[in-house]
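Here are my notes on the model, jotted down point by point. Have the coordinates open while you read.

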Amino acid sequence: MNLTLKIWRQKSAKEKGQMVEYKVTEISEHMSFLEMMDVLNEQLVNTGEEPVAFDHDCREGICGMCSMYINGEAHGPDRGVTTCQLHMRMFKDGDTITIEPFRAKAFPVIKDLVVDRTSFERIQQAGGFISVNTSGNTQDANAIPISKHDADEAMDAAACIGCGACVATCKNSSAMLFVGAKVSQYALLPQGQVEATDRVLNMVAQMDAEGFGNCTNTGACEVECPKGISLENIARMNREYVSASLKG
């Protein structure tokens with residue numbers, strides 16, 4: 001298929017960017033979106049132009065690096081997939097595809113489609129950990145009884161890959177689905193109870209300090225999340241936050 005690509009080009013964080021139009025031809029419907037971008041970049045290199053910068057790593061939908069805003073949707077028109085799992089069969093011959101970086105105050109553009117998402121890392125560092133007894137009397141994790149319901153919900157929350165699609169999709173650039181998933185991951189397990197109070201207070205405080213907006217229950221974040229993280233995690237985080245605030 002032959003396509004027209006309108007891509008955001010920005011040389012650095014300090015320079016203004018603009019949309020630039022490119023043409024690509026003979027794109028197979030079996031290609032992934034990133035493979036199509038590779039074809040474009042090879043074309044640009046061969047003509048002496050600078051290739052489009054974009055994040056990628058595993059290309060298996062695990063790392064969350066491949067964050068692109070495609071035709072007005074985080075990770076593109078498919079559901080339950082990251083950009084690297086998006087295939088060109090979702091588009092038609094002759095289509096025009098608009099490709100932008102994730103846009104949020106807390107995700108400043110570094111170059112082209114690459115954004116700085118270290119704000120997520122700082123939120124996790126603020127409280128996303130558990131204490132481990134290393135005295136020699138450590139209880140084996142497999143020996144700690146946990147209900148299947150709690151284990152399943154914790155595993156579902158832990159599926160978050162921190163890609164930032166929730167932030168890019170939210171009209172308020174809220175990170176509450178991400179933070180809710182990280183808080184829930186530990187709040188549901190006995191190993192996470194030691195820091196439970198400090199964890200939610202510190203992570204929410206860091207989230208606010210990073211400049212993310214608040215949640216207004218639109219639900220777009222859950223729809224666009226490639227791992228289907230549920231809004232229930234935001235509700236759980238709010239309950240944990242209120243409980244921790246009362247304890248303080």
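1. Glu 100 and Arg 103 join their side chains in a salt bridge, 3.2 Å from N to O. By salt bridge I mean a side-chain nitrogen of Lys or Arg within 4 Å of a carboxyl oxygen of Asp or Glu. Arg 103 has 38% relative accessibility and so counts as partly exposed; the scale is buried under 20% relative accessible area, exposed over 50%, partly exposed in between, with a 1.4 Å probe and protein chains only.

2. Before going on, some ground rules. This is a predicted model, where local features need pLDDT of at least 70 and side-chain atom pairs count only at pLDDT 80 or more, while totals for chains, interfaces and linings use all residues. Residues are numbered from 1 along each chain as its sequence is written, and side-chain values use heavy atoms, with hydrogens and water left out.

3. How many salt bridges does the structure hold? The count is 12. One of them joins Arg 9 to Asp 112, with the closest N and O atoms 3.1 Å apart. Arg 9 sits in strand 1 (residues 3–9) and Asp 112 in the loop between strand 6 (109–111) and strand 7 (114–115), so this pair ties together parts that are 103 residues apart in sequence. Both Arg 9 and Asp 112 are buried. Helices (H or I, at least four residues) and strands (E, at least two) are DSSP runs, numbered from the N terminus.

4. Have a look at Arg 79 and Glu 224 too, whose side chains form a salt bridge at 3.5 Å, N to O. This one links distant parts of the chain, with Arg 79 in the loop between strand 4 (73–74) and strand 5 (96–100) and Glu 224 in helix 7 (residues 220–224), 145 residues apart. Arg 79 is partly exposed at 39% relative accessibility, whereas Glu 224 is buried at 10%. Through shared partners, salt bridges join Glu 73, Arg 79 and Glu 224 into one network.

5. Five strands make an open sheet in the order 2-1-5-3-4, with mixed pairing; two strands pair if DSSP finds at least two bridges between them. Strand 2 (18–24) and strand 4 are at the edges with a single partner strand each, so one side of each has no neighbour in the sheet. Strands 1 and 2 pair antiparallel over seven bridges, and Trp 8 has Met 19 in strand 2 as its bridge partner. Helix 1 (residues 33–46) lies across strand 1, strand 2, strand 3 and strand 5, at about 90° to strand 2; axes are lines fitted to C-alpha atoms, for helices over the stretch in contact, and angles run from 0 to 180 degrees between N-to-C directions.

6. Within that sheet, Ile 70 belongs to strand 3 (residues 69–70). Is Ile 70 buried or exposed? Its relative accessible area is 0%, so Ile 70 is buried. Leaving out residues up to four places away in sequence, Ile 70 touches a set including Phe 33, His 75, Leu 86 and Phe 91, with contact meaning heavy atoms within 4.5 Å.

7. Now the nonpolar cores, meaning sets of buried Ala, Val, Leu, Ile, Met, Phe, Trp, Tyr and Cys residues joined through side-chain atoms within 4.5 Å. The largest has 34 residues, and those touching the most other members include Phe 107, Phe 120, Val 167 and Phe 212. Elements giving two or more residues to this core include helix 2 (118–127), helix 5 (176–187) and helix 6 (196–210). Helix 5 gives the most, six residues. Apart from this core lies another of 26 residues, among them Leu 40, Leu 86, Met 88 and Leu 113.

8. Last, the aromatics: there are five aromatic pairs in the whole structure. Rings of Phe, Tyr and Trp (its six-membered ring) pair if their centres lie within 6.5 Å; planes under 30 degrees apart count as stacked, over 60 as edge-to-face and the rest as tilted. Phe 120 and Phe 178 have ring centres 3.7 Å apart and planes at 0°, so they are stacked. Phe 120 is in helix 2 and Phe 178 in helix 5, 58 residues apart, and both are buried. Phe 120 and Phe 212 have centres 5.8 Å apart and planes at 35°, so that pair is tilted. Ring pairs link Phe 107, Phe 120, Phe 178 and Phe 212 into a cluster.
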